[in-house]
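Me: I am new to this structure and would like to learn how to read it. Please take me through it one feature at a time.

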Amino acid sequence: MHKTGLLGLCVPAWNSVRMASSGMTRRDPLANKVALVTASTDGIGFAIARRLAQDGAHVVVSSRKQQNVDQAVATLQGEGLSVTGTVCHVGKAEDRERLVAMLWMDKEKEERMKQTLQIRRLGEPEDCAGIVSFLCSEDASYITGETVVVGGGTPSRL
């Protein structure tokens, strides 16, 4: 079989797997639920808020700063999602900023870290959003007391 023919068979199967893992096969698995997502105007929190809203939940985003809340709400509502927001101080800003400023300032260290990951890339906020949405859905109603590691194949000991 030609490579094109084999690829032609693989693409529909891959799309099916990708759609199933991204929640595209079921409509609104989180309908009639409200999700309050703290620190959700940027990064992982924003990706989680977006995914929960895409999956049918009404999402309340929060941040310490009203302008961040307003921007996140406008962005998500602009995508047709059911979202509101409120100002909420969770922890100290300087601690979060210091933590983030550490998580890839040294490019050489970043490259070494990528080599330890089985998928050879650093995670993105959206990489966390799908599992959070799943755990909020009825599909996960029988899952209790489990630890789910979103770590790109990094061995973990929790």
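Me: Which side chain does Arg50 meet in a salt bridge?

Reply: Side chains of opposite charge can pair when their charged atoms come close. A salt bridge here is a side-chain nitrogen of Lys or Arg within 4 Å of a carboxyl oxygen of Asp or Glu. Arg50 meets the side chain of Glu79 in this way, at 2.6 Å from N to O. The pair links distant parts of the chain, 29 residues apart: Arg50 is in helix α2 and Glu79 in the loop between α3 and β3. Before we go on, note that this is a predicted model, in which local features need pLDDT of at least 70 and side-chain atom pairs count only at pLDDT 80 or more, while totals for chains, interfaces and linings use all residues. Residues are numbered from 1 along each chain as its sequence is written, and side-chain values use heavy atoms, with hydrogens and water left out.

Me: How many salt bridges does this rule give?

Reply: The count comes to five. Among them is the pair Lys114 and Glu111, at 3.2 Å from N to O. These two are separated by about one helical turn, because they are three residues apart in helix α5 (residues 107–116). Another is Asp127 with Arg121, whose closest N and O atoms are 3.0 Å apart.

Me: Is Lys114 buried or exposed?

Reply: Buried means under 20% relative accessible area, exposed means over 50%, and partly exposed lies in between (1.4 Å probe, protein chains only). Lys114 has 19%, so the residue is buried. Of the 158 residues of the protein, 24% count as buried.

Me: How many helices and strands does the protein have?

Reply: Helices (H or I, at least four residues) and strands (E, at least two) are DSSP runs, numbered from the N terminus. The protein has six helices and three strands, and their pattern along the sequence is α-β-α-β-α-β-α-α-α.

Me: Which residues touch the most other members of the largest nonpolar core?

Reply: A nonpolar core is a set of buried Ala, Val, Leu, Ile, Met, Phe, Trp, Tyr and Cys residues joined through side-chain atoms within 4.5 Å. In the largest one, which has 19 residues, they are Val37, Leu52, Val59, Val61, Leu76 and Val83. Two or more residues each come from β1 (34–37), α2 (43–54), β2 (58–63) and α3 (66–78). The largest share, six residues, is from α2.

Me: Which residues does Cys88 touch?

Reply: Contact means heavy atoms within 4.5 Å. Leaving out residues up to four places away in sequence, Cys88 touches Ser62, Ser63 and Arg64. Cys88 sits in the loop between β3 (83–87) and α4 (93–101), whereas Ser63 lies in strand β2. Cys88 is partly exposed, with a relative accessible area of 29%, while Ser63 counts as buried at 11%.
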